[in-house]
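Dear colleague,

I am passing on the structure below, together with some notes on what was found in it. Please keep it open beside this message while you read.

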Amino acid sequence: MTTLATAPATSSAAPLAEPPARFRDLIASEWIKTRSLRSTPWVLVFITLFVIGSAAVATFSDRAAGSEPGSFLAYDAFSSPGYLTLILVAGSMGALGVVSEYSSGLIRTTLAAVPARGAVVLAKAVVTAVLWTAVGTVAALGSFLVSQAVLRGHGADVPITHPDVLRPLVASALLAPVCALTGLGLAVLLRHAAATMLTSAFALLMLPTMFSEGNRWSADIRHTMISAAWTRLVQTWEPDPGSLGYAATLPGCWLVYALWPLTAVALAVLVVRRRDV
Amino acid sequence: MIEVQELTKRYGGRTAVAGLSFTVRPGQVTGFLGPNGAGKSTTLRMILGLEAPTGGAATVNGVPFRSHARGLRHVGALLDAGQVHGGRTATAHLSALARSNGISARRVGEVLHEVGLAEAAGRRISGFSLGMKQRLGVATALLGDPPVLMFDEPVNGMDPEGVLWMRRLFRRLATEGRTVFLSSHLMSEMENTADQLVVIGRGRLIAAESVREFAARSTSPGVVVGTRQAAELTAVLTAAGASVEPEGSAGTEKLVVTGLPTDRIAALAFEHRILLNELTTRAASLEEAFMELTADSVEYQAGQPR
């Protein structure tokens with residue numbers, strides 16, 4: 001080993017008394033990062049209004065309103081165009097929080113400040129989950145209330161306390177965080193912006209449409225998809241027993257909701273610790 | 001103190017750092033010098049645990065940096081001033097980093113003031129000049145008041161006033177007993193800033209010694225002699241055992257003489273009635289020592305097939 005000349009006696013080279021490393025400081029740090037970007041509030045307001053607006057449009061254009069049992073119409077509140085867009089936006093924004101750090105190199109600054117890399121990813125996941133659960137809840141409640149306000153004109157509205165309302169409401173509120181966390185996990189695994197965005201949109205939106213419920217194997221694949229699980233969870237009627245299609249089970253759908261984000265984040269935590277940045 | 005032992009990094013078939021060993025001691029400014037592509041940044045990233053070495057190890061104050069759960073109080077680093085999110089303000093950027101390490105928000109204001117960015121604290125980083133980003137990077141490094149600081153090419157993009165400020169800052173940090181390690185591909189920058197040097201080329205150690213020792217490696221100090229009787233003088237000096245090289249463009253008649261001190265050259269010229277119009281001792285420059293030592297190890301050399 002090569003050594004340099006001996007150092008003079010030093011005065012203040014000891015590190016400051018160090019406070020314990022607290023996970024909630026990491027959460028607070030990630031929250032500062034999220035809220036300090038000008039685009040964040042704009043995107044959140046836009047997507048919330050879009051979901052609510054598309055529920056209003058779907059309900060207005062429902063010609064059958066008034067001719068069906070009231071409970072059936074809870075479904076109008078959760079229109080596909082609004083929620084498929086929510087899937088796309090939540091997935092992309094969840095990914096963007098990570099991808100933007102990789103593309104700017106900020107990730108190196110972040111990980112030099114916090115060498116506990118797994119904790120950084122988990123803190124990001126917590127902030128993403130809480131933020132998008134809040135957005136999803138506002139969007140789901142809003143789209144439900146707006147569609148019921150429209151249906152009231154036909155005397156076909158249902159109250160929020162109706163037994164068929166809770167499951168679609170919760171499933172719609174949780175759709176956003178499920179997709180955002182999946183996007184976040186994918187972003188850590190893929191790192192590149194374009195690749196992450198495409199993969200996230202493909203896995204969350206396009207892939208489920210490739211598989212029909214017409215035969216067993218295809219239905220099995222389809223039932224592992226988030227958007228298919230959401231479609232089933234917001235249906236307030238039981239599948240027609242005479243139907244030729246294979247329907248997903250409700251517990252299976254909730255499992256899909258849990259497994260996608262958990263798997264994505266768990267893989268992200270494992271991988272980020274091992275890879276060079 | 002930073003200790004690097006047999007550090008090696010290979011990317012596929014390309015070796016970026018090959019068995020590098022050196023020690024960076026506290027209380028001094030140590031320059032980390034090498035041509036572009038020599039492996040300086042890779043080494044700094046391995047010291048910070050951002051990249052895992054293929055072989056060998058790096059420790060900071062005796063432990064691998066990644067053994068700390070939080071880093072800012074142990075090592076402050078400026079790796080690349082561009083590693084920020086342009087959409088955030090300087091305050092937001094530093095606040096997030098400070099908070100992650102349990103550092104008070106007050107400290108953010110202090111470091112911004114210290115690097116001269118107090119006025120720009122509320123502005124988005126995308127509107128910063130490179131010099132301002134460098135200052136922000138220095139602020140990041142100072143945030144945790146760490147005993148070890150590393151800066152990768154810190155003066156890039158700085159104006160002369162900024163360069164002076166940085167030199168004074170590095171000096172002060174070293175005087176406070178901290179370990180200050182800064183990389184550069186510009187020798188001239190180190191001449192004015194560093195006490196010690198670690199010089200590498202193509203991922204290998206070339207020298208690790210004081211700036212003065214390094215400068216002394218330059219082939220010879222030499223004396224520049226100007227005269228209109230160059231041919232005569234060359235003959236006289238060569239006969240006296242010196243080696244003489246013509247220098248400069250044709251017509252200026254300058255010679256670089258090595259092997260004889262100025263007083264002997266003057267005496268010989270006087271004896272032979274040769275009129276001198278210049279007689280200057282040329283100090284050994286670090287730049288020359290650097291060029292000579294790294295000549296074989298420049299990664300990307302202009303106009304030469306490799």
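**Two helices of chain B**

In this predicted model, helix H2 (residues 90-100) of chain B and helix H3 (residues 105-114) of chain B have axes that come within 9 Å and cross at roughly 130 degrees. An angle over 145 degrees would count as roughly antiparallel and one of 65 to 115 as roughly perpendicular, and H2(B) and H3(B) are therefore oblique to each other. The crossing in which H2(B) passes H3(B) is right-handed.

**Where chain B touches chain A**

Between the two chains, 51 residues of chain B are in contact with 41 residues of chain A. On the chain B side, the elements that give two or more residues are strand E2 (14-24), H2 and strand E9 (204-210), and of these H2(B) gives the most, with 6 residues. That side of chain B divides into 18 nonpolar, 22 polar and 11 charged residues.

**Chain A**

The secondary structure of chain A consists of 10 helices and 0 strands. Chain A has 277 residues, of which 44% count as buried, and among its contacts with a separation of 6 or more, 83% are between residues 24 or more positions apart.

With best wishes

Conventions
Residues numbered from 1 in each chain as written. Chains lettered and ligands numbered in written order. Predicted model: local features only at pLDDT ≥ 70, side-chain atom pairs only at ≥ 80, totals over all residues. Axes fitted to C-alpha atoms, helices over the stretch in contact; angles between N-to-C directions. Helix = DSSP H or I, 4+ residues; strand = E, 2+ residues; numbered from the N terminus. Parallel < 35°, antiparallel > 145°, perpendicular 65-115°, else oblique. Left-handed = near helix turned anticlockwise from the far one by under 90°. Contact = placed C-beta atoms within 7 Å. Nonpolar A, V, L, I, M, F, W, Y, C, P; charged D, E, K, R; others polar. Buried ≥ 20, exposed ≤ 12 C-beta atoms within 10 Å, placed from the backbone.
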